[in-house]
Amino acid sequence: MLKFTIRRILWTIPVILLVILMTFVMMRMIKGNPFRTTERAVPEAIQRNLERKFHLDQPAYKQYLFYVKGVFTLDLGPSLVLRSQTVNDIIKQHFPVSIHLGVMALLFAIVLGIPLGILAALKQNSPLDYASMGIANLGFSIPSFLVATLLIYFFAVKWKDVTGLPTNGWGGPETWVLPVIALGIYPMTYFARLVRGSMLETLQQDYVRTAKAKGLRWRVVVGKHVLRNSLIPAVTATGPLLGYLITGSFIIEYIFGIPGIGKYYVTAVTGRDYSVVMGITVLLSVIIIVANLVVDIVYVYLDPRTRDERT
Amino acid sequence: MRKGLRWPLWAGALVAIGIIVVGSAAGAPDQRAQNLRVIIASEPPSLDPGTATDTTSSNIIQALNEPLVEFGPAPGLKAVPAAAQSWTVNGPRVTITLRNDLRWTNGQRVTARDYVYSWLRTISPEVASDYAYQFFGIKGAEAYNACKENCAALRSQVGISAPNARTIRVQLTGPQAWFIQQLNHTSFIPVHRATVEKFGDKWTEPGNIVTFGPFRLASWAHDANLVVVKNTRWRKASSVRLNRITFTIITDGATAENAYSAGNADVSETDLPGALVPKWQKNPEYKTFGTIGTYYYGFNTKNIPDVNQRRAMAMAIDRKAIIKHVTLGGQFPAKGFTPNRAPGAKEINKNATMPATAKLAQAKALMAKVRNPKRNISLYFNTSTGHAAIATAVQAFWRELGITTTLKNMEFGQYLQFLGPPPNSDVDVYRLGWIYDYPDAYNGFELWTCDSGNNNTNWCNRKYDAIVKKAAATPNEDARFKLYQQAETILTGPTGQLPIMPIYWYVFHSLAKPYVVGYNVDLTDRTDYTKVSLR
């Protein structure tokens, strides 16, 4: 187990180098001048000064090495657009907000989605099943920005005297409700459908029939045998879903005016803020890699069949 | 359903309902306490007058500080003393006398040496300020800004000095009639030297920042909100009604409108999404403010060399229809390139011929005169539903002339680079806008000179350049406006060359609650919060 973990951790280094390289190349390929934010052309001398200040006048390979050094010394450089802030500042201030939002949305998705899926599977083909899956499919297909704007309009404007919810911002618990729901609906429906499908399959298995035949109480059969095996796909999905939640939170952060990292990320790309883009890409890559690693380790405990391969 | 599975669902639902019910009420207008809540569209990239380039930052910097001059009433917009008590202009020599009651928030006096330090800092190549070019009218500034080594020598030759604590002496490259008005710009606001040297890039963070205007920075939660409070040390503090202004950053237009409608803000400066404009158009809370700026299409005069075709294309457009049905913003149909709010605009545009409604018969007659008309035009603009809508309308107008227009759009950063310089040969017509840096028509005319980095038209007219250059050196307003008239006539007059085709003159919009008194956005997109109060 330990060897497996260490090997995986060592593999992250070449992966991160590759991520930096690809991001670097792509940012250069989309062209655009980071210092020209309006229609006003930047006078040549000023353009030169700015390029010199941010090392953009160096040859490409030198800039790349510079970034790599920065990543491994954890100094991600200054922002090209936000002159009083460094990338480290931006990450320190805004990343916790995105994590908070992402984790809460994930919990919302788990707490509501998994029981919904289990229920639908146990009561298969009942009105409850159809209703749950109907809601799930609806939530799956409606884009999150539409959900977000509708939630704001109805719960924070039209019915605000009843709910007392704010339209935007991130602070006390009342500001968490709508964004968490908006962000969490898609993963919730994803879990619901996934767990339902997986549980239906498990319920067909021979060992379930055997357990019932042995006279075990239904609750024990489901709780001890069926659930554990049905939840494996859900656990596997959690890793990349966490990645989606943190990166895909951009739309929700944008609409609700939440000062998270997602909004900065996209603004940095359109603004050609190279260091911010690089820094956040590396950060998100590390998170996704770690999340996948954790999932793989948990997987080993959940499914003993993989134990021998992995260890 | 087994009990074991039922209760988590109910618990979850109860918790959710609990949070909703217990949630505190959204903010109510804090009127008696004179706390204004404003929604702005983006995080100010910088509160440093030396490096700020956008209007969001400028607005806040201006609230925290005081410019040397303010603008007098329209239409003249003559400079009126603010932080400067008086000034004298002797050709290229300008002498500014400061007031003696200017104080930083730490109690120290603001002196002429602060100005000299700050201006040299903004011009310096190390700070790499985007707006350094605002100072290029000063002798030696451009050379210092462009220097690569031994800069100290060039720095000492820049024509800015402070013979005493209250006097700033400026040596310009030549007489510049608008220089005093230009001093209103944010880049001329001074910074506190000791603070900048101590904290470096972080000097604008709350707790570090030192300013000298009617408000001071109380807090700044990046990308979320900024709070400024009244500076009781300011010389006219007794006339300032507001105690606190909270700027909340909401980029999404629909959310900003929702927040404003729900009463969570008193003013919203974030643009309304197009679909919501009809809802607010007739509402008195939807305010329209004039500005000095032009929305125009530029021609690639190499691809469309016959001026008759260019004039035909300009005449065929129904500007009023575009404003009434497409932009819906109450903009002004542009008669010439110089916007109507620029000082002297009426006289300058006297011979301009851009029609407000389509002159189709005339346009067709002009098209008939063209020997080799270009019938396949590619029209470029940066991606936006607004620009696309206008381009589609223009496409329909030009079809009447037998012209097939292909619309091409791209992302803003790529678009700007794509246009040039040098001008891209694929482009026949391109869309851009120009918001003036200061209220003088020169700022617009210099765009179309041969050397301008903003001229993507391949049009170069030495006579035009000469007139514009002469105007720069003409301090007398009447004489200068006559020269501007000549320049405008070369652009858009009856025999004008039409390297560009203006479409409309910009306006700005805000939403403001009826209990907000004195809220106004001036021609440079700034609000003077010392005049605002809550009823």
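1. In this predicted model, strand E14 (residues 376-382) of chain B and strand E16 of chain B lie side by side in the parallel sense, joined over two bridges. Within this pairing, B:Leu379 has B:Val429 of E16(B) as its bridge partner.

2. Strand E12 (residues 286-299) of chain B pairs with E16(B) in the antiparallel sense, over seven bridges. In this pairing B:Tyr295 stands opposite B:Gly433 of E16(B). The strand E16(B) is also mostly covered, since six of its seven residues are buried.

3. H14(B) has 15 residues, and the distance from its first C-alpha to its last is 21 Å, close to the 21 Å expected at 1.5 Å a residue. Which residues of H14(B) are buried? They are B:Ile390, B:Ala391, B:Val394, B:Phe397 and B:Trp398. Seen down the axis of H14(B), these buried residues fall within an arc of 115°, so they line one face of the helix. B:Thr385 and B:Arg399, on the other side of H14(B), are exposed.

4. What do the buried residues of H14(B) pack against? Their partners in chain B are helix H10 (307-315), helix H11 (319-327), strand E14, strand E15 (404-410) and strand E16. Two of these elements, E14(B) and E16(B), are the strands that pair in the parallel sense.

5. A further pairing in chain B is a hairpin. Strand E8 (residues 215-221) of chain B runs antiparallel to strand E9 (residues 225-230) of chain B, and six bridges join them. B:Ser219 stands opposite B:Val227 in E9(B). Three residues lie between the strands of this hairpin, in which B:Asp223 takes a positive phi near 65°.

6. The two chains meet at an interface where 56 residues of chain A are in contact with 56 residues of chain B. On the side of chain A that touches chain B, several helices each supply at least two residues, including helix H2 (44-53), helix H4 (87-122), helix H6 (144-158) and helix H10 (218-247) of chain A. The largest share of that side, seven residues, comes from H4(A). By class, the side of chain A that touches chain B has 29 nonpolar, 16 polar and eleven charged residues.

7. The largest nonpolar core has 227 residues. A:Leu178 and B:Ala487 are the residues with the most contacts inside this core. The largest share of the core, 16 residues, comes from H4(A). In soluble globular proteins, nonpolar side chains tend to be buried together. Leaving aside residues up to four places away in sequence, B:Ala487 touches B:Phe445, B:Tyr464, B:Ile467, B:Val468 and B:Ala471.

8. A:Leu302 is found in helix H13 (residues 274-302) of chain A. Why does A:Leu302 count as partly exposed? The reason is that A:Leu302 has 15 C-beta neighbours inside 10 Å, whereas a buried residue needs 20 or more and an exposed one has 12 or fewer. Not counting residues up to four places away in sequence, A:Leu302 touches A:Arg228, A:Ile232 and A:Val235. The C-alpha atoms of A:Leu302 and A:Val276 are separated by 38 Å, and these two residues are 26 residues apart along the chain.

Conventions:
Residues numbered from 1 in each chain as written. Chains lettered and ligands numbered in written order. Predicted model: local features only at pLDDT ≥ 70, side-chain atom pairs only at ≥ 80, totals over all residues. Helix = DSSP H or I, 4+ residues; strand = E, 2+ residues; numbered from the N terminus. Pairing = 2+ DSSP bridges. Expected span 1.5 Å × (residues − 1). Arc of directions from axis to C-beta. Contact = placed C-beta atoms within 7 Å. Nonpolar A, V, L, I, M, F, W, Y, C, P; charged D, E, K, R; others polar. Core = buried A, V, L, I, M, F, W, Y, C linked by C-beta atoms within 7 Å.
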